[in-house]
Amino acid sequence: RCGHRGVRLLQRRAHSGGAASSGAASCVQGAQVAASRPGPAPLPVPPKRGNRPAFSPQDYLVPPPIVVPANIRRPSYVGSEGGIPRQMGQEEYAEVKSEKQIGQMRSACGLAADALALAFEGAR
């Protein structure tokens with residue numbers, strides 16, 4: 001077997017009801033049919049780098065650091081040794097809401113949803 005089974009199947013379908021040839025002639029014809037079809041585009045070959053370094057820092061301009069205003073709170077790891085954040089304080093954790101606060105949030109969200117629905121209807 002030649003391994004051009006898919007090509008032979010296409011040949012059978014291409015023939016108008018005629019029987020497809022078999023054997024070595026079929027394999028040669030199949031190779032010719034396969035060679036006549038355009039294949040996928042070849043992948044581009046990257047240029048050889050040789051002994052040049054992969055990265056050359058002088059080829060790039062590094063912008064100056066951005067000045068952060070003093071009123072913006074800095075993360076805990078800024079200025080710490082090794083960049084490891086410190087242990088968070090209790091006041092830095094999320095606030096646990098009471099049932100009353102959750103109910104107030106739900107009513108505020110419902111009011112906002114009604115306002116959006118009204119605005120949507122008005123925009124139509």
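**Entry 1: terms and ground rules**

I start with burial: a residue is buried under 20% relative accessible area, exposed over 50%, and partly exposed in between, using a 1.4 Å probe and protein chains only. I am working on a predicted model, where local features need pLDDT of at least 70, side-chain atom pairs count only at pLDDT 80 or more, and totals for chains, interfaces and linings use all residues. I number residues from 1 along each chain as its sequence is written, and my side-chain values use heavy atoms, with hydrogens and water left out.

**Entry 2: the chain as a whole**

I looked up the elements and found three helices and zero strands, in the order α-α-α from the N terminus. Helices here are DSSP runs of H or I with at least four residues, strands are E runs of at least two, and both are numbered from the N terminus.

Next I checked confidence through pLDDT, the predictor's own score for each residue, from 0 to 100. The chain averages 76, and 70% of the residues score at least 70. Among the elements, α1 (residues 5–14) has the lowest mean pLDDT, 55, while α3 has the highest, 96.

Of the 124 residues, 6% count as buried. The chain exposes about 11,700 Å², with carbon and sulfur atoms supplying 61% of that area; the areas come from the Shrake-Rupley method with a 1.4 Å probe.

**Entry 3: Ser56**

Is Ser56 buried or exposed? I find Ser56 in the loop between α2 (24–36) and α3 (99–123), and it counts as buried because its relative accessible area is 16%. Its side chain makes a polar contact with the side chain of Gln58 at 2.8 Å. For a polar contact I need a pair of N or O atoms within 3.5 Å; within protein, one must be able to donate a hydrogen and the other to accept it, and residues adjacent in sequence count only if both atoms are side-chain atoms.

**Entry 4: salt bridges**

How many salt bridges does the structure hold? I list two, each a side-chain nitrogen of Lys or Arg within 4 Å of a carboxyl oxygen of Asp or Glu.

One joins the side chains of Arg73 and Glu92, at 2.7 Å from N to O. Both residues lie in the loop between α2 and α3, so this pair ties together parts that are 19 residues apart in sequence. Arg73 is exposed at 65%, whereas Glu92 is partly exposed at 24%.

Another joins the side chains of Glu95 and Lys97, at 3.5 Å from N to O. I note Glu95 as exposed at 52% and Lys97 as partly exposed at 36%.

**Entry 5: Tyr77**

Which residues does Tyr77 touch, not counting those up to four places away in sequence? I get Gly83, Ile84 and Pro85, taking contact as heavy atoms within 4.5 Å. Tyr77 also sits in the loop between α2 and α3 and is partly exposed at 45% relative accessibility. Finally, I checked Tyr77 against Gln87, ten residues apart along the chain: their C-alpha atoms are separated by 9.9 Å.
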